Amino acid sequence: MPHTLAHTRPLPREVLQRRIKSAPGPVQPYACDYPAGWDTGRHRHIRTQLVFATRGVMTVSTPAGWWVVPPQLAVWIPARLEHALLMHRAVKLRTLYLDERLPRLPTEPRVVNVSPLLRELILRLMELPAEATAYGAGARLVAVLLDELHEERTMPLHLPEPDDPALRRICTALRDDPANRDDLAAWGQAVGASPRTLARRFQAQTGMGFAAWRQQARLLAALPMLAAGRPVTVVSQEVGYESPSAFIAAFRRSLGVSPGRYFSPRPAAIEIDTSSEWSTADRYRPAPRPGRP
């Protein structure tokens, strides 16, 4: 029987924070089924968090930007980074809190692809008590999890947030209405700045030009709609594309496949043998790097 049963309602924040802080092993699992529309509000944890859901789509926001997370992906959130999760539909959250003393944990948030192997590693660790991840089979699973996470490619599903108040006003408006087609000249009149100034600030503060940022905002706005099964023809119009073909082309440039292919069922999951042949006396240690003893 799984050690970690999914909570049907989120734990009070102070209860969850105590559980994370007092965890007796390097990995503390937490499973919760969230209703659609649930917003966790801004908070932070003492441990690094791997945010993953077996069902539903989330938006993860930090002061530095936004990430959209469908079930094919997971997000690293470094320890002590302020963040919030918004559930676009009912979400089955399966998250791991990792001791920051583990090796090679990320220092910046990022989205990673979740392979069938990585998915099964996450779900297997969800079944273990925290103390079981410090020794033997549990510790080896943690080591494989870290190796697999570093092997998986980072996905381009980040929307950086500028610091400039005028740019934030523009970005908020475009996130609220991704179909908006106003150019920088129109926005300049609205916020009292020249198009050239806005273009320079966009590039400096987000690392992207205005057109690229708006295209990324449209892509991220489309993902929850597509995950809910809405037709590409409808989604493309709602996020501001002139035609479904233009939207599909932009989607493929960013994610490498068409929307239909991206949300198609994944291959059968890989079974992982966690039999007792692994010695439970082995203390956790990081996996050796390739080419080293």
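Biologist: At what angle do helix α7 and helix α9 pack?

Modeller: Bear in mind that this is a predicted model. Helix α7 covers residues 210–227 and helix α9 covers residues 244–255. Their axes lie 11 Å apart, and the packing angle is about 100 degrees.

Biologist: Is α7 roughly parallel or roughly perpendicular to α9?

Modeller: The angle is about 100 degrees. The range from 65 to 115 degrees counts as roughly perpendicular. Therefore α7 against α9 is roughly perpendicular.

Biologist: How many residues of the contact of α7 with α9 are nonpolar?

Modeller: From α7 come Gln-215, Leu-219, Ala-222, Leu-223 and Leu-226. From α9 come Phe-247, Ala-250, Phe-251, Arg-253, Ser-254 and Leu-255. Two of the contact residues are polar and one is charged; the nonpolar ones number eight.

Biologist: Which strands are the edge strands of the open sheet?

Modeller: Four strands make up the sheet, ordered β6-β3-β4-β9, with antiparallel pairing. The twist from one strand to the next averages 20 degrees. An edge strand pairs on one side only, and that applies to β6 (84–87) and β9 (158–160).

Biologist: Which residue in β4 is the bridge partner of Ser-61?

Modeller: Strand β3 spans residues 58–62 and strand β4 spans residues 65–69. The two pair in the antiparallel sense over five bridges. Ser-61 has as its bridge partner in β4 Trp-66.

Biologist: Now the rings. What kind of aromatic pair do Phe-202 and Phe-210 form?

Modeller: The structure holds six aromatic pairs, and we take this one from among them. The ring centres of Phe-202 and Phe-210 are 5.3 Å apart, with 70 degrees between the planes. Planes over 60 degrees apart count as edge-to-face. So the pair of Phe-202 and Phe-210 is edge-to-face.

Biologist: Is Phe-210 buried or exposed?

Modeller: Buried means under 20% relative accessible area. Phe-202, its ring partner, is at 0% and counts as buried. Phe-210 is at 9%, so Phe-210 too is buried.

Biologist: How many residues apart in sequence are the parts that the pair of Phe-202 and Trp-213 ties together?

Modeller: The two rings have centres 6.1 Å apart and planes at 65 degrees, so they are edge-to-face. Trp-213 is buried, at 0% relative accessibility. Phe-202 sits in helix α6 (residues 195–206) and Trp-213 in helix α7, so the parts tied together are apart in sequence by eleven residues.

Biologist: Which residues form one aromatic cluster?

Modeller: Start from the helix contact, where α9 contributes Phe-247 and Phe-251. Both belong to the cluster, along with two tyrosines.

Terms used. Residues are numbered from 1 along each chain as its sequence is written. This is a predicted model: local features need pLDDT of at least 70, side-chain atom pairs count only at pLDDT 80 or more; totals for chains, interfaces and linings use all residues. Side-chain values use heavy atoms; hydrogens and water are left out. Axes are lines fitted to C-alpha atoms, for helices over the stretch in contact, and angles run from 0 to 180 degrees between N-to-C directions. Angles under 35 degrees count as roughly parallel, over 145 as roughly antiparallel, 65 to 115 as roughly perpendicular and the rest as oblique. Contact means heavy atoms within 4.5 Å. Ala, Val, Leu, Ile, Met, Phe, Trp, Tyr, Cys and Pro count as nonpolar, Asp, Glu, Lys and Arg as charged, and the others, Gly among them, as polar. Two strands pair if DSSP finds at least two bridges between them. Rings of Phe, Tyr and Trp (its six-membered ring) pair if their centres lie within 6.5 Å; planes under 30 degrees apart count as stacked, over 60 as edge-to-face and the rest as tilted. Buried means under 20% relative accessible area, exposed over 50%, partly exposed in between (1.4 Å probe, protein chains only).
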